[in-house]
Amino acid sequence: MLYGRDEETTRLDDILSHARQGTSTALVLRGEAGIGKSELLRHTAATAAAQRTRVLQATGIEAESELPFAGLHLLLHRVTARIDDLPEPQATALRAALGLAPNRSDARPDRFLIGLAVLTLLADLADSDGGSLLCLVDDAHWLDQASADALLFAARRLAAEGVVMLFAARDAHAPPFPAQGLPELRLGGLDDGAAGELLAEHAGDLPRYVRDQIRGESGGNPLALRELPAAQREGQIPAYGYHLSALPSHSRLLQTFADRISALPRATRSLLVIAAAEGTGDLAVTASAASGLGASVTDLEPAERKELLSLDGGRFTFRHPLIRAAAYQSAPVGDRIAAHRALADALPCVGNIDRRAWHLAAATTEPDEYVAAVLERTAEHARERGGYAAVAAACERAAQLSPDGADRARRLALAASAAADAGQNERAAELALRAAPHLTDPAELARLAQARAAVAREQGRLDASSSVLLDTAAEIAPHAPQTAAFMAYEAMTAAWLSGHRQSIEGMSARLAALDLKAPPDAPPYLPAAEGLARLAAGDPGAGLPPLRALFGSLRTERDDHGHSLRERISIASWFAPLGELAAGDDLAADLERECREQGALGPLPLVLLMRTRTRIFLGRHGCALPGAAEGLRIAQDTGQPHYVGQLTAVLAYLAALDGDEERCRDLAGRGADLRQVLPGQVWGAVAIGLLELGHGRYEAARRAYEDVAASPSGHTVAVLYCAPDRVEAAARTGKADSVRELAAGFAEWAGHTGAAWAGALAARCRALLAPEAAAGAAYEEALALHTDDGRPFERARTELLFGEWLRRAGRRSEARTPLRSALDTFELLAAAPWAERARAELRATGESRARHTDDRAPVERLTPQERQVVRLAATGMTNRDIGARLFLSPRTVGYHLYNAYPKLGVASRGELARLEFREEQEEPTA
């Protein structure tokens, strides 16, 4: 019976009830050892079983915390036959992870694709088993990292599958179990009444004053309330009439168990330490190891009588993890080493290389090449399965055991690379620092430098990131010139992102001094790096041609150069300073499709960021929002704070376009000093200027744009693209002279791009700054250039300004034509403040246009997620296909469709094809 947990059991029962209605929930139970987490899981499992809900259960095992996907295998081993029903990329990844098939691809498995496969599998199980499924993971803090990543990825994306995932994790005295984004239920001690009831059941034979003493000592911990009476009966604690010195319940319980174990016969203690070291409860292996140390299964009896350990279903089971910890930690070091050595000898070589390797490592106290080599082979097995955290752990331990310095450095390098693949950037950087001084292989040096640079970038130390890359480029240049050239280009990119002009200038000077040379057939990385420096210095004539050459090499000779996915993304990101909006959108679409087909979630946030920016520039505001929202969600799931910040800033810009002031300021960071904004947040900063401009608050807009221009982000593309906005704000506040040089610089850049839309905006700037007599011709030139330039929002803004100028000139009837066109476009794009400005100007000419109660198209009433789902469903894709593409479960796809139908005025999937999606039709399909 559970005492004092009525509130918790009610909450868990409600979660199960909601699951039967299709609502998914993930929850983490946290508390100290013995507080009742496992009992609550058992209660929930019993309730679910009574309701005929399928239950999957697993317990994290300390001994397997370095074996990739060991915990996931425990959870799913009874349902692996259902993996065949998954989409093929997911099925392949999950089979490889669980060791059911080798990884057939030369590419490294994406660790988040495995999480998606878990999500789809759990949703399928819920769908086929009465509509709900319960997954219980006890001792989640002992999960191997690969299993934890996969399960938490799935848990964060639950929605309408009818799946409940409960994780129980210890608060202290155990590895952390970070589960950001999931709700938590923290368990405290029982109150005096519940503690008294529990003691009455388990210690009714003890005097009242002893029970009171135990209750006070226990802190309400249920395990302590059950175990301390047994220890008192065995004479392990005295029954004083006073409270004992207060100790954390973990320390008190652990010592209590250790004292009880120390009173056991020697052979029984040997058996316990072997069973504790073995960890999985394998009877055959434990018995074999015990025989080598003079013990046998029959020596279990004294421990069974004390209810410390039992033999259940052919497996050893410690009654509580603290008993196992006490059995292991209280044993002398020599006994622990002997236990691991005996276990390594007892494990059959076939199928147990990983477990055997870790036992050998635990039994080895000095360098040993044989053990190091065995661990390295274990790492290769883990790599094939996508368990990169396990690769890092095995290679690092192998390095520690390596007698030879070169082998030690090589294994540290492997560990660093694997840690970076696992998303453990700080660990990767530390390992790389230890390995780098002892390496000579250019490829290894390059990988280590990129890992260190990635950590520095995520920590905001972009100058350090660029220095690491350039230093390594100089070191490897004589042996790997093309790799060195790419790293030099990456170094300049990091300097560009730092926002410090002196960093860019310094990087340019260092590049010149190094005089790096690349092979003649290599992509023009080095000229592009210098081009970025010239562009930052305000010289587009010198800066754009080499960038255009690099961009062109990607578009026309993509396969000839053999660019990696990461390299293609890096090159494609320079579409904006080149003015190549349509080409950039096409490239981003290709990259997005490739990421989705491969299940490569790691680079997808950056690709979706690029895609969102191209859509904004091209006036496709409606379909920009879903991509940005999805990119943000994935960046949060995959632990990429750098892209979380950038995507949040872009969402602020979209909110400014919509005129949503509260959301824009929240996303941009209320009260942020725009003079200090860094490039990663610059879109949020310029969003404030656009928001003020859209609402006609010109002085506030001018100040915002001037602050951003004076910030470390003043050289960035976002600031370049908003130069016409700054010109408009200055002209409207009577400060036209202050921006004439800015307008001239923008016109120079526009001329070098050759883009019609850029020329149109340059002409609009001239119109705003020109004398009244010359403004009309400049506006007409701008509108002529805007014809079919692919930027409807900017064309509408030029029409609005021209209409305002015509009205002020007394040409009201002429003004109506551009104003009507502007209003139509603003309404189509749902740019509310701009539509209101156009409507007001049109009204001033004597023509009124009624404001609709909801002037949005039906599709625009959908949430971003619903829009993505509906758009793909309209192409004929199944829920399963859509789920695989958007990293959702099929049931969640169905849920979004169900919610979208009434908003769209349709009753079935078949009616979606007749809807007009406008820009959504231009989205790539699988």
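1. The open sheet. In this predicted model, 5 strands form an open sheet in the order β2-β3-β4-β1-β5, with parallel pairing. Two strands are taken to pair if DSSP finds at least two bridges between them; strands (E, at least two residues) and helices (H or I, at least four residues) are DSSP runs numbered from the N terminus. The edge positions belong to β2 (54-59) and β5 (184-186), each of which pairs on one side only. On average, neighbouring strands of the sheet are turned by 15° against each other, direction ignored.

2. Pairing of β1 with β4. Strand β1 (residues 25-31) pairs with strand β4 (residues 163-170) in the parallel sense, over 7 bridges. Within β4, Leu166 is the bridge partner of Leu27.

3. Helices across the sheet. Helix α2 (residues 37-50) lies across β1, β2, β3 (133-138) and β4, and runs at about 160° to β3. Helix α6 (residues 145-156) lies across β1, β3 and β4, running at about 130° to β4. Axes are lines fitted to C-alpha atoms, for helices over the stretch in contact, and angles run from 0 to 180 degrees between N-to-C directions; contact means heavy atoms within 4.5 Å.

4. Overall dimensions. The protein has 47 helices and 7 strands. Its radius of gyration is 33 Å, close to the 29 Å that the globule rule gives for 926 residues, so the protein is as compact as a globular protein of that length. The radius is taken over C-alpha atoms, and the rule is 2.2 Å times the number of residues to the power 0.38. Along the principal axes, the C-alpha trace spans about 105 × 65 × 55 Å.

5. Contacts and surface. Of the contacts with a separation of 6 or more, 69% are between residues 24 or more positions apart. The accessible surface comes to about 35900 Å², and 50% of this belongs to carbon and sulfur atoms; areas come from the Shrake-Rupley method with a 1.4 Å probe, and for residues only the protein chains shown count as cover.

6. Glu841. This residue is placed in helix α44 (residues 832-844). Glu841 counts as buried, at 13% relative accessibility. Residues up to four places away in sequence aside, Glu841 touches Leu800, Glu804, Arg807 and Leu819.

7. Basis of the values. Residues are numbered from 1 along each chain as its sequence is written, and side-chain values use heavy atoms, with hydrogens and water left out. As this is a predicted model, local features need pLDDT of at least 70 and side-chain atom pairs count only at pLDDT 80 or more, while totals for chains, interfaces and linings use all residues.

Technical notes
Buried means under 20% relative accessible area, exposed over 50%, partly exposed in between (1.4 Å probe, protein chains only).
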